[in-house]
Amino acid sequence: MNTFGMKVKARCFMEYDSVADLVDIEFSELARPVLHIGGGSNLLFTGDFKGTVLHSKINFIEILDECHSEPSSCHSERSEESFPPVLVSVGAGVVFDDFCDWAAKEGLWGVENLSYIPGEVGASAVQNIGAYGVEVKDVIRTVYCYDTLEEEFVKFDVSECGYGYRDSIFKNPEVKGRYVVTHVVFALSREAQPKLDYGHLKDAVYSHFERKDNSDENALTPALIRKVIIKIRQEKLPEPSVVGSAGSFFKNPVVPMEQFIKIETAAKEEFGSDYKVPHYDLPDGMVKVPAAWMIEQCGWKGRRSGGAAVWDKQPLVLVNFTGDAYPEEIIGLERRIIESVKNKFGVGLHPEVDHI
Ligand code: EPU
């Protein structure tokens with residue numbers, strides 16, 4: 001139940017496959033602490049877990065409201081030319097990539113860039129997963145939860161979820177664990193909405209067409225973009241069923257512009273005046289610098305330490321290289337990476353992965 005493959009035990013493990021079963025659970029009587037997991041793909045168990053691990057198997061995907069696929073037959077308030085959103089309700093226990101696969105097959109746009117991210121739908125709404133220029137908050141309409149404290153159902157409009165980079169109100173320490181996501185309503189679309197501005201995604205997508213005359217936006221489908229994204233991810237990231245990991249281990253740090261200029265000046269001194277440090281300018285004048293680049297500059301790419309290692313094709317990912325790494329080995333590597341990035345760049349890295 002944890003993709004890092006840490007060989008740890010929980011005192012109690014419970015799975016439920018319906019909302020009715022969830023309500024029947026006597027939360028006040030469970031061994032504490034209570035940890036609700038999704039695919040266990042963003043967790044590092046640092047040892048045996050003394051409480052109860054809960055897991056949802058609420059598995060359904062249902063189109064709630066579709067105003068027909070032909071825009072002219074839709075009596076919405078929107079213009080006749082625009083397609084209304086297709087609202088899709090998805091159970092928290094659905095594997096997120098199964099949802100992406102379903103959407104691609106239905107010809108629905110919105111989650112194709114999020115293909116092949118490990119984890120489940122409930123956790124995606126907590127973590128605000130993101131990749132290739134899309135975050136799940138961009139397509140979430142409403143998050144439905146069970147409030148284990150008040151023992152009632154509650155719903156949060158996307159605007160109430162406090163979404164930020166890999167962040168939401170559900171991660172706030174004051175409410176962490178209180179709300180159990182039961183299902184999420186997504187707003188997808190039948191209208192082509194390709195988002196190809198991230199890195200070299202556009203080139204990768206267009207190079208996929210065999211005939212050049214096909215290379216216009218009309219020929220794009222969510223299924224094609226999904227296929228390209230899966231290929232990119234498979235080339236760069238470890239296959240979870242083969243090498244244990246929790247995806248990106250660190251968040252990408254955001255630094256003030258002055259600090260970024262210092263980092264780039266030092267890099268130009270080292271690699272020549274044409275050298276450019278990869279970065280993304282944020283609207284508030286801050287700069288996001290890929291942690292992968294900094295970790296690589298510190299010489300960590302592909303390095304091993306006991307059973308743990310830094311993935312050679314994407315150093316943002318720490319892996320259980322031998323399959324029997326101890327949590328301490330991963331944590332030791334994490335500490336040393338943080339220390340060296342701090343020493344070289346003066347930037348503090350923060351783990352994205354939850355340490356349990
Ligand atoms: N880079 C290097 N060396 C490398 C790899 C990358 O210098 O070996 C630099 C390159 O400049 C590259 C940049 O890092 O352009 C960004 O790399 P990438 O596109 O792989 O994205 P990332 O910032 O490292 C984030 C997410 C990933 C997501 C990718 C793609 C975080 C913490 N990670 O990684 O999410 O797949 O973007 O959108 O934001 C995950 O969360 O588990 C995850 C894999």
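1. A salt bridge here is a side-chain nitrogen of Lys or Arg within 4 Å of a carboxyl oxygen of Asp or Glu. By that rule, the count between domain 1 and domain 2 is zero.

2. A word on the basis: this is a predicted model, where local features need pLDDT of at least 70, side-chain atom pairs count only at pLDDT 80 or more, and totals for chains, interfaces and linings use all residues. Residues are numbered from 1 along each chain as its sequence is written, and side-chain values use heavy atoms, with hydrogens and water left out.

3. An automatic or database assignment sets the domain bounds: domain 1 (10-56), domain 2 (61-188) and domain 3 (244-355). Between domain 1 and domain 2, the C-alpha centres are 22 Å apart.

4. Twelve residues of domain 1 touch twelve residues of domain 2 (contact means heavy atoms within 4.5 Å). The two domains bury about 970 Å² between them, with 67% from carbon and sulfur atoms; buried area is the accessible area (1.4 Å probe) that two parts lose on being put together, summed over both. On the domain 1 side, Leu 22, Phe 27 and Ser 56 lose the most area to domain 2, together 36% of what that side buries.
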